[in-house]
Structure formats: C-alpha cells, structure tokens
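Visitor: I have a structure to look at and would like to understand the words used for it. Could you take me through them slowly?

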Amino acid sequence: METKPYLIALDLDGTLLKDDKTISESSSDVIRKLLEDGHYVCISTGRPFRASSVYYDQLQLDTPIVNFNGAFVHHPKDQSWGRFHTSLDLEVVKQIIEVSETYNVHNILAEIVDHVYFHYHDEKLIDVFTMGSPNITVGDLRTNLGQDVTSVLIHAKEEDVPAIRSYLSDVHAEMVDHRRWAAPWHVIELIKSGINKAVGLEKITDYYGIPPERVIAFGDEDNDLEMLEFAGCGVAMGNGIEGVKSVANKVTKSNEEDGIAVFLKDYFAL
C-alpha cells in the first residue's frame, strides 16, 4: 500500500451529500479511516463557508476549505494559513445588474463572504440562502453594495437564461466566469474570470506538498470540471452530468448509493 499521503477533495451537493443533505454513515466511516491513515481530506464547494461548516465539523477536518467555487479559500482552524478572497469588480457588477433588470429577472443576489444582498425581497430565496445565518440586506444592489463582490447569482426566467449568458460572454468575458445551476433552479452564477475549484485546490496541494497524481477529487456538476481535470484521479458521481463523466478518470456510484465510500474503499483496499 502506498504510504505517501493523498489529498481527497470532496464536492458537497450531489456528491458527498445525499439528496436529503446528510452524509451517510458509510462515507463518514471511510473518511475517518483515511484521516487516521494520514491522508488529507478537504471540502471544495460552491457553497459559502457558513453553509458548509456543519459538514466540516461533522467530519472533524483540519484542512483548508474551498468555498464559492474557489473565490474564497481559507483554513477554518488556522488563521495564519491565509485568506484568499478573489472578488468581482463592483462597477462591472453594477453594469450586470442594469442589464439583468431589462430581463425582469426574479432576483439578483450578491454575496460578500458572509453578507448576502438581495436586490428584491424574496421569501423563498431568503429561506434557501440563509443557512448559517448570514447578514442579509434587501434593496437595490447598486445602492447597497459598497465593495467588490465574492459572487453574484441571477435568478432569471428559464427562457431568458441563454440570452443573459451570451451577454455575459460577449461583454464581460475578461472579468466574469458564469455557470448555470442544475434544475430546478434557473440561476446563473458569476465569479471572477479564471477562478474555479482547481485554483483553490492547488493552493492546498502546494501547502501540503502533494503532487496532482496523489489528488483524488469527486464531483457531479459543471463547477467540478476543472477540479476533476486537475486531480490525478478525477471521479465523477453516477448521478453526475455527462460533461463531468467525460473528463473524469473514473465514474463511481451515485450520491444516494455511497459512491464516495464505495470508490475509496476499493482504491485504498480498506
């Protein structure tokens, strides 16, 4: 058995988490065993830290964490490790808000680490985004935002999503990367151009001195593509989108069938 430590990077939603947003006992057991054997396990998610810390604590991790798809990377237990926050230029965000309004979008959210700004009042969305009890401000983002932004979410009508995305690509490609959320949400997520989970993960592998060939990353959505390509062993979940399966080195079972535990047990002969 290879004794050099591996870094195992886990996406949360649709990957480590079952559909009810819990971690199965089998996954927890396997992760605990790998930690005991001296491997490193980290979370790499599109979620903010406040909405992923419960899982970080549950797994008893002691590693840096990648949040907002790489736009915010820090070590929850070691302040001296550094905080890497890559933000979107406020002026660009204001231009995007102007254009989004012309499409009568349902809402626009801006997040600055743990502060969430809603352009319009929205009970349903406020429910979804208040995990971890952030500060919330509701009202015109052009007035309320005073600094650069971690991420922006545009909740649009389904038929308008392609037009808004092509505007973003045509006008703001230098500044902004955008992705579409999985159904049922018709949400376009924006972070700074060039930022993704692999960028965050690389900071962690550099810190531990782990080469990519000893990185195993699991994911299911298009925000996992770069991370799976970066990892020596990129593993797509059985429930993952086709694009993820096509870049992955391996495909495991779905998040409901303990795909992570099944793969790691086999890989490390546990």
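**Reading the sheet and the cores**

Guide: Gladly, and please keep in mind that this is a predicted model. Helix H11 (residues 259-267) lies across S1, S12, strand S13 (233-236) and S14, and runs at about 160 degrees to S12.

Visitor: What makes strand S1 and strand S12 a pair?

Guide: Two strands pair if at least two bridges are found between them, and 4 bridges join S1 (residues 7-10) to S12 (residues 215-219), so the two count as paired, and they run parallel. One of the residues involved is Ala-9, whose bridge partner in S12 is Ala-217.

Visitor: Which strands are the edge strands of the open sheet?

Guide: The order of its 5 strands is S2-S1-S12-S13-S14, with parallel pairing. Strand S2 (40-43) and strand S14 (250-251) are the edge strands, because each pairs on one side only. Helix H8 (residues 197-208) packs on this sheet and touches S1, S2 and S12, its direction making about 160 degrees with that of S1.

Visitor: How do you know that Leu-16 touches Ile-260?

Guide: Contact means heavy atoms within 4.5 Å, and Ile-260 is listed among the residues that Leu-16 touches, which means that the pair meets this cut-off. Other residues touched by Leu-16 include Leu-10, Ile-31 and Leu-59.

Visitor: Which residues touch the most other members of the largest nonpolar core?

Guide: They are Ile-8, Leu-10, Leu-16, Ile-216, Phe-218 and Leu-264, out of 27 residues.

Terms used
Residues numbered from 1 in each chain as written. Predicted model: local features only at pLDDT ≥ 70, side-chain atom pairs only at ≥ 80, totals over all residues. Heavy atoms only, no water. Axes fitted to C-alpha atoms, helices over the stretch in contact; angles between N-to-C directions. Core = buried A, V, L, I, M, F, W, Y, C linked by side-chain atoms within 4.5 Å. Buried < 20%, exposed > 50% of the residue type's maximum accessible area, 1.4 Å probe, protein only. Lists of a residue's contacts leave out its neighbours within four places in sequence.
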